[in-house]
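Here's a quick briefing to read alongside the sequence and the 3D view. Keep both open and click through the residues as they come up.

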Amino acid sequence: MKKLTLMVAFSMLLQIAFAGGLLTNSNQSAQYVRMLSRNAALEIDAVFYNPAGLVKMEDGWYFAFYSQTIFQTRDIDTQFPTLNSGHYEGETTIPVFPNVYAVYKKNNWAFSLGIGPVGGGGTAEFPSGIPTLEVPFSLIPGQLAALGQIDPALAVNSYDLEMALEASSTFWGIQLGASYAVNDKFSFYGGMRLVPSTNTYEGVIRNIQLNGVDAATWLNGASSQVATMAGNLNALAGVPDALAPILPTAGEYTLDQLVGAGQMDPLQQGQIEAGLQLMGLSAEQIDAMNLNQINGAYVQAAPGFVENAQTLTGTAQTLTGTADQMGDKEVKTKQKGVGVAPILGFNYSPNDDWTVALKYEFKTKLTLENETDVDDMGLFPDGAESSNDVPAIFSAGLGYRGIDWLEAQLSYTKYFDKGVDYGYNTRYSTLGEMVHRDIDKNYYELALGLQFNVSNNFAFSVGGMRSKNGVTPEYQSDFSFSNSSYTLAGGIMWKITDKLTFDAGVLNTFYQDDTVAFSHAGVGTYNETYGKTTTSIAAGISYSLF
């Protein structure tokens with residue numbers, strides 16, 4: 001029986017990206033949450049979305065703080081036939097998802113700082129685990145089916161266990177840069193983003209049971225019974241040696257006659273008769289046999305007894321070894337690392353009505369090192385390193401502000417996921433197969449945001465976005481999956497004073513379920529369906545000093 005573990009692929013990031021590719025968060029301001037399209041922004045959140053456009057602000061200091069409360073649910077439905085339940089739920093709740101921005105604008109220059117979670121930002125909890133972790137346990141009754149043939153009392157009819165999985169990930173982005181206006185129309189940006197990152201993983205498997213009994217206790221008991229059976233078979237194989245001293249004088253007598261003559265006790269008779277019954281002889285046949293005939297039957301059957309005893313001995317050893325693996329298992333580790341990504345931006349404003357913005361973020365090379373507290377399974381050696389690169393990103397925005405009561409923005413963002421190695425699929429690796437998590441096309445987002453200016457001090461906005469991934473079925477697993485989606489958003493902007501502005505919004509992402517087919521030896525092909533929902537509520541203020 002295969003060693004039961006939490007799987008090496010447990011180290012895969014349980015994706016907690018909320019809007020923005022496979023690993024990246026693009027929800028970086030309250031304005032984004034209420035509009036969904038900010039790639040041509042000219043307000044303070046342009047630090048993240050259009051840093052080259054910051055030179056369009058008036059000279060002075062600008063500060064902003066935004067926070068989001070995010071709720072995400074994940075549903076996994078599997079048709080794997082031996083599981084107790086095929087439905088698993090995961091939840092992520094983030095009470096505070098902060099963004100801080102600061103800008104100093106003077107003449108043709110603007111210097112900016114932005115801080116926020118560019119990846120992850122929360123904890124995904126699966127209180128009942130996930131299919132990949134439970135499947136090996138669900139197969140145990142079938143793997144031990146032969147025990148019921150040895151003795152019906154040893155049949156394994158059920159399994160149970162307690163399992164929980166929790167993974168958190170936060171990739172902070174600390175962005176510094178400078179914007180320069182060549183003239184009234186053209187401006188450029190150059191900057192760097194420092195990405196200090198932390199992943200934590202905590203998992204536990206405990207209270208494993210077979211037939212409603214502690215699994216280790218049950219397996220050790222079964223092992224003892226099977227070992228006793230093996231010993232009995234070895235004893236039966238030795239019957240010819242035990243009979244040899246009395247055969248010359250008692251070979252023509254039956255067992256009843258030998259007991260009556262005091263040459264054999266009833267216990268020995270019962271043992272010999274039990275062995276003959278194992279050979280398929282009836283009680284009438286046994287009663288009619290003399291000792292020579294009985295000895296001949298045992299001589300013929302002895303090799304089979306020895307072979308079966310060896311098989312049972314091996315089974316007993318396997319049961320004992322499996323019992324040793326059934327104790328509670330725990331993993332508790334943290335991974336840390338720091339990456340750096342250069343950022344370039346371009347802004348073109350032919351007049352006050354139109355804005356065209358481009359931005360390119362280079363791939364963030366990121367290596368994470370394990371800081372392990374508990375690792376019962378040897379999955380996270382303390383000090384070991386793993387790659388967790390963040391893909392390059394290209395964004396483009398078109399903004400229109402030619403009508404007093406309307407602002408419109410169209411945004412396109414592409415995430416170069418094909419340039420990142422996402423490793424191997426967990427589900428296949430549990431079967432000893434190395435199937436790469438391939439990307440067929442790069443992830444993209446297309447969004448339209450509209451802001452309706454009710455007055456000089458108040459506006460409301462709406463937005464819609466289509467997000468399309470490019471993953472192959474080989475990428476998807478219960479550990480890490482991506483769904484294409486549609487997002488709707490709305491919110492308000494309120495200028496409390498000329499210097500203080502309040503923004504608030506809410507968005508909801510509707511993910512498309514994705515069904516993937518897997519194949520498992522002895523089970524065949526089965527489907528697994530992945531689904532998600534995300535809701536974000538955001539609010540924040542910006543303040544300026546002219």
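Let's start in strand 8, residues 354-361, which is where you'll find Thr355. Bear in mind that this is a predicted model.

- The side chain of Thr355 makes a polar contact with the side chain of Arg401, at 3.2 Å.
- Arg401 also turns up among the residues in contact with Thr355 once sequence neighbours within four places are set aside. That list also includes Ala40, Leu42 and Asn50, then Asn347, Tyr348 and Ser349, and finally Gly397, Leu398 and Gly399.

**Cavities**

- How many cavities of 30 Å³ or more are there? The count is six.
- The largest cavity comes in at about 160 Å³. It is lined by 19 residues, and the ones closest to its centre are Ser26, Asn39, Tyr49, Thr413 and Tyr415.
- Several elements give two or more residues to that lining: helix 2 (46-49), strand 8, strand 11 (393-403), strand 12 and strand 13.
- Which element supplies the largest share of the lining of the largest cavity? That's strand 12, with three residues.

**Aromatic pairs and clusters**

- Searching the whole structure turns up 23 aromatic pairs.
- Take Tyr415 and Tyr443: their ring centres are 5.7 Å apart and their planes sit at 85 degrees, so this pair is edge-to-face.
- Why does this pair tie together separate parts of the chain? Tyr415 belongs to strand 12 (residues 406-415) and Tyr443 to strand 13 (residues 443-453), so the pair links parts that are 28 residues apart in sequence.
- Tyr415 and Tyr443 are both buried.
- Elsewhere, Phe186, Phe188, Phe346 and Tyr348 make up one aromatic cluster. Tyr348 is also one of the contacts of Thr355.

- Phe188 sits in strand 5, which runs over residues 186-210.
- Its relative accessibility is 40%, so Phe188 counts as partly exposed.
- Beyond neighbours within four places in sequence, Phe188 is in contact with Ala52, Ala178, Ser179, Tyr180, Val182, Gly345 and Phe346.
- Phe188 and Trp109 are 79 residues apart in sequence, yet their C-alpha atoms are 9.8 Å apart in space.

**Charges over rings**

- Lys359 lies over the face of Phe48, at 4.4 Å from the ring centre.
- Arg437 does something along those lines with Tyr475: the charged end of Arg437 sits over the ring, 3.9 Å from its centre.

**Asp328, out in a loop**

- Asp328 is in the loop between helix 12 (291-324) and strand 7 (329-348).
- Is Asp328 buried or exposed? Its relative accessibility is 52%, so Asp328 counts as exposed.
- Not counting residues up to four places away in sequence, Asp328 touches Ile205, Arg206, Asn207 and Asp376.
- For Asn207 there's a polar detail too: a polar atom of the Asp328 side chain lies 3.2 Å from the backbone nitrogen of Asn207.

**A covered helix**

- Helix 3 (residues 131-138) is mostly covered, with eight of its eight residues buried.
- Among those buried residues are Pro131, Glu134, Pro136 and Phe137.

**Positive phi angles**

- Most residues other than glycine have a negative phi.
- Leu36 isn't a glycine, yet has a positive phi of about 75 degrees. Leu36 is in the loop between helix 1 (30-35) and helix 2, and at 2% relative accessibility it counts as buried.
- Asn107, also a residue other than glycine, has a positive phi near 55 degrees. Asn107 is found in the loop between strand 2 (87-106) and strand 3 (109-126).

Conventions: Residues are numbered from 1 along each chain as its sequence is written. This is a predicted model: local features need pLDDT of at least 70, side-chain atom pairs count only at pLDDT 80 or more; totals for chains, interfaces and linings use all residues. Side-chain values use heavy atoms; hydrogens and water are left out. Rings of Phe, Tyr and Trp (its six-membered ring) pair if their centres lie within 6.5 Å; planes under 30 degrees apart count as stacked, over 60 as edge-to-face and the rest as tilted. Helices (H or I, at least four residues) and strands (E, at least two) are DSSP runs, numbered from the N terminus. Buried means under 20% relative accessible area, exposed over 50%, partly exposed in between (1.4 Å probe, protein chains only). A charge sits over a ring if NZ of Lys or CZ of Arg is within 6 Å of the ring centre and within 35 degrees of the ring normal. A polar contact is a pair of N or O atoms within 3.5 Å; within protein, one must be able to donate a hydrogen and the other to accept it, and residues adjacent in sequence count only if both atoms are side-chain atoms. Contact means heavy atoms within 4.5 Å. On a 1 Å grid over the protein atoms alone, a cavity is a set of points where a 1.4 Å probe fits but cannot get out, and a pocket is an open set with protein on both sides within 12 Å along at least five of seven lines; lining residues have an atom within 4 Å of a point. Grid points are joined across faces, edges and corners, and a volume is the space filled by probe spheres set on the points.
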